[in-house]
Amino acid sequence: MKVNVDVSPEHEETEIIIKCKHIDHELQRLIAMLKHTEEKIPGIQNGATHLIEPQDIYYFESVDKKTFVYTESQVFETTLRLYELEEKLSQQDFFRASKSTIINISKIKRLSPRFNGRLDVLLENGEKLVVSRQYVPVIKGILDL
Amino acid sequence: MKRFMELVTQIKFVWGLFFTSGIIVYTIIAAILGEGSMAFTDIWLLGALTFFLSFVYVLIFGEMLLASISIKGKMAALFVVNYAVFLVFCGRVGLTDVTSLQSIGTFTIGYTILFFLITFAVYNYYLFTGEELNDKLTAYKQRRNMK
C-alpha cells in the first residue's frame, strides 16, 4: 500500500482519498478507524490533547467564549464551538439544552418539570443542569412527547 | 436588559394564572355568600394584588433571587405573603371582617385549606408530568441500547 501525503497551504480542509481496485478487510478496518477518529471530540487538559469518545461525554458548556467538555469526573477544553458540536453530534444522543449547553440524553438520570416552564436535569454523575424554556420542545420531540 | 425581559415574561405568565384563579375563587365564594355581581374597583384591586403576588412569586421561585432558599422555606414565604394579600383583598371587598377575630379565624382556616389543596394539586400535576417524562426517557434509552 502506497501512502502519499500532499502538504500545501492551498488545501483548505484535510482530505483523505483512498484509491483501490476493491475494498478488502484491511481497508474496511482502516476506513472504520478513520471514521471513528473523526467522531471523537478533541479535548485539552493540562496542555495535552485527548480524543474523547462521545458516549463518555455528559455535556458541553460554553463559558466566556470557551467550550468545555464534561465527562463523568473530568473537564476538558475544546476548540470546537457549540454549534459545531451540535452539527457533529446531531446523529447521536446530544441535544441543545440552552444557549450555552449541549447535553447527552443517555447520561440523564432524571428530568423534573418546573413551574416556570423549564426542566431540571439530573445527570448520572449527580450534576444538575437546566433545559431552558426555548429548548424544552426539542427534548420533548426527541422523547416523542 | 435580557434578564429584565425574562423577568417580565415570567411575571406576565404567572400574573395571568393568578388573576384568573383569583376571579374564579372570588366568583365561587361570592356565589356561596349570595353575591350576584362584582364592582369594577374590586377587579382593579384584584388585578393590582395579583400583580404584586406574581412579582413576589417570581422573586421567590424565579431563580433570579433567593435561589439558595429551600423549597419548604419558599412555600412558607409564599403562604405568608399570599395570606396577607388575600386578607387585604377580602377585607376590602367585604368578604371578611378584618375587625372581627372570628371572621379572621374563618378566613385563616379557609385560606389554609385552599392553599394546601392548590399546593397538593400542583405538586401532583408536576409529579405526573415528571413521571411521564421519565418514562419516555427510559423508553428512549432502551430503544437506543437495542440498536
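Colleague: What does the accessible surface of chain B come to, and what part of it belongs to carbon and sulfur atoms?

Modeller: Accessible areas come from the Shrake-Rupley method with a 1.4 Å probe, and for residues only the protein chains shown count as cover. For chain B the accessible surface comes to about 9700 Å², and 73% of it belongs to carbon and sulfur atoms. Chain A exposes about 9900 Å², with carbon and sulfur atoms supplying 49%. Please note that this is a predicted model, in which local features need pLDDT of at least 70 and side-chain atom pairs count only at pLDDT 80 or more, while totals for chains, interfaces and linings use all residues. Residues are numbered from 1 along each chain as its sequence is written, chains are lettered from A and ligands numbered from 1 in the order in which they are written, and side-chain values use heavy atoms, with hydrogens and water left out.

Colleague: How many helices and strands does each chain have?

Modeller: Helices (H or I, at least four residues) and strands (E, at least two) are DSSP runs, numbered from the N terminus. Chain A has three helices and ten strands, in the order α-β-β-β-β-β-α-β-β-β-β-β-α from the N terminus on. Chain B has four helices and zero strands.

Colleague: Which residues of the largest nonpolar core touch the most other members?

Modeller: In soluble globular proteins, nonpolar side chains tend to be buried together. A nonpolar core is a set of buried Ala, Val, Leu, Ile, Met, Phe, Trp, Tyr and Cys residues joined through side-chain atoms within 4.5 Å; buried means under 20% relative accessible area, exposed over 50%, and partly exposed in between (1.4 Å probe, protein chains only). In the largest core, which has 22 residues, Tyr26(B), Tyr57(B) and Phe89(B) touch the most other members. Two or more residues each come from α1 (2-32), α2 (40-61), α3 (71-93) and α4 (101-146) of chain B, and α2(B) gives the largest share, eight residues. A second, separate core of 21 residues includes Ala97(A), Leu111(A), Val131(A) and Tyr140(B).

Colleague: Is Lys107(A) buried or exposed, and which residues does Lys107(A) touch?

Modeller: Lys107(A) counts as buried because its relative accessible area is 18%. This lysine, Lys107(A), lies in the loop between β7 (101-104) and β8 (108-113) of chain A. Contact means heavy atoms within 4.5 Å. Leaving out residues up to four places away in sequence, Lys107(A) touches Gln55(A), Ile57(A), Tyr58(A), Leu123(A) and Glu124(A). The C-alpha atoms of Lys107(A) and Ile57(A) are separated by 8.2 Å, although the two residues are 50 apart along the chain.

Colleague: Where is Asp64(A) found, and what is its phi near?

Modeller: Asp64(A) is found in the loop between β3 (59-63) and β4 (66-70) of chain A. Its phi is near 50°, a positive value in a residue other than glycine. Asp64(A) counts as exposed because its relative accessibility is 72%. Lys65(A) is in the loop between β3 and β4 of chain A, and its phi, near 65°, is also a positive value in a residue other than glycine. Lys65(A) is exposed, with a relative accessible area of 74%.

Colleague: What percentage of the residues in each chain count as buried?

Modeller: Of the 145 residues of chain A, 34% count as buried. In chain B, buried residues make up 28% of 147.
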